[in-house]
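Here are some friendly notes to read with the model open beside you. Take the points one at a time and find each residue on screen as you go.

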Amino acid sequence: MKHVSLGGLDVSRIGLGAMSMSAYYTGAGSDDAESVRTVHRALDLGVTHIDTAEVYGPYTNEELVGRAIRGRRDQVVLATKFGGGISHSGRAGVALDSSPASVRVAVEGSLRRLGTDHIDLYYQHRVDPGTPIEETVGALAELVAQGKVRHIGLSEASPATIRRAHAVHPVAALQTEYSLWTRDVEAELLPLLRELGIGLVPYSPLGHGFLTGRIRSLDGLAADDWRRGNPRFTGENLQRNLRIVDEVEAVAAEADATPAQIALAWLLAQGDDIAPIPGTKRVSRVEENSAADAVELTAAQIDRLNRLTPAAGDRHDEIGMAVIDR
């Protein structure tokens, strides 16, 4: 597995997102043993970058990842997040609490659940409009000085917020959605990150599973699967977006790869400062995703993928869109 640098943090250029093992998707949390095997297989394949968050579950995903990496901590670049829906400071009605008081409590819980004495990459999950970013990053800088955190990150932050944060303490990585059907990052964010030397960690690089070609209707999704309320998976948007999948499948057939591998290979071709974290809870899928490291697209194939029709529909529902790009 090739490696890249995220603001000085060395990671495998394909990571593993653990969220679906515990939350939000069909079958989440149904087979912890398989999830642990998936983490172990990822490590065996050279994946070092494992991503979780306190809000996944909540808490249960960090506990699961902690069990899975027990005895193999030195093989893992461990990333987790705070401030994504849980307040630890007693601020009533504030779910995105990134106040220094909340951060200090949050990190102790994450360290305990993960069974480690340090977190390699600690993200603010969503920007807290009630706490100046300078205060939050100041608290994170204290954690770095104490050795509890090695590098800090932001998720779904605006360019202005990134600049303000980076002026207080170096930000190693920004996590945001980036894939063949979500390319907003290319306009302002990616140039800014490269100017500041910040790495990019794309989440949902497979379009929440849509770009794998295995979802052509909602019939196979559980009633509580969050994708049922995602604008890109509903109504006419879903039918329009299937045209994107058809094109990806055509390139996959030409390259003797799977659609998922093509989607990941395209992302990897965008730069050596990009480290996607495709999520899965199955060994077979982590094997498939990791193999994308060896897929080399031709210039013609990349050009064809670059010219795909933009996705129909917002990438999140109204509530989700309200808390990004702050």
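Predicted model: local features only at pLDDT ≥ 70, side-chain atom pairs only at ≥ 80, totals over all residues.

1. The space inside the largest cavity comes to about 30 Å³. With the rule used here, the count is one cavity of 30 Å³ or more.

2. Which residues line the largest cavity? They are I14, G15, L16, V47, P278, V286, N289 and S290. Helix α9 contributes the most to this lining, with three residues. Sorted by class, the lining has five nonpolar and three polar residues, and no charged residues.

3. Now follow α9 to its contact with helix α1. Helix α1 covers residues 32-44 and α9 covers residues 283-290. For α1 and α9, the angle is about 25° and the axes are 8 Å apart. Angles under 35 degrees count as roughly parallel, and α1 and α9 are therefore roughly parallel to each other. The crossing of α1 past α9 is right-handed.

4. Which residues meet where α1 packs on α9? From α1 come E34, R37, T38, R41 and A42, and from α9 come V283, V286 and E287. By class, this contact has three nonpolar residues, one polar and four charged. Notice V286: this residue of α9 takes part in the contact with α1, and V286 also lines the largest cavity.

5. Helix α1 has another partner to look at, helix α2, made of residues 60-68. Here the packing angle is about 55°, and the axes lie 9 Å apart. That makes α1 oblique to α2. The crossing of α1 past α2 is right-handed.

6. How much space lies in the largest pocket? The volume is about 1400 Å³. The lining is made of 48 residues, and those closest to the pocket's centre are M19, Y24, Y25, H208 and W226. The elements that give two or more residues to this lining are α9 and α11, the latter at residues 318-321. Split by class, the lining has 20 nonpolar, 19 polar and nine charged residues.

7. Y24 sits in the loop between β3 (16-17) and α1. Its phi is positive, about 80°, although Y24 is not a glycine. Y24 is also among the residues closest to the centre of the largest pocket.

8. The second largest pocket holds about 300 Å³ of space. Its lining has 16 residues, with D184, V185, L189, R315 and D325 nearest the centre. By class, this lining has six nonpolar, two polar and eight charged residues.

Key: Residues numbered from 1 in each chain as written. Heavy atoms only, no water. Axes fitted to C-alpha atoms, helices over the stretch in contact; angles between N-to-C directions. Helix = DSSP H or I, 4+ residues; strand = E, 2+ residues; numbered from the N terminus. Parallel < 35°, antiparallel > 145°, perpendicular 65-115°, else oblique. Left-handed = near helix turned anticlockwise from the far one by under 90°. Contact = heavy atoms within 4.5 Å. Nonpolar A, V, L, I, M, F, W, Y, C, P; charged D, E, K, R; others polar. 1 Å grid on protein atoms, 1.4 Å probe; cavity = no way out; pocket = protein on both sides within 12 Å on 5 of 7 lines; lining within 4 Å. Points joined across faces, edges and corners; volume = space filled by probe spheres on them.
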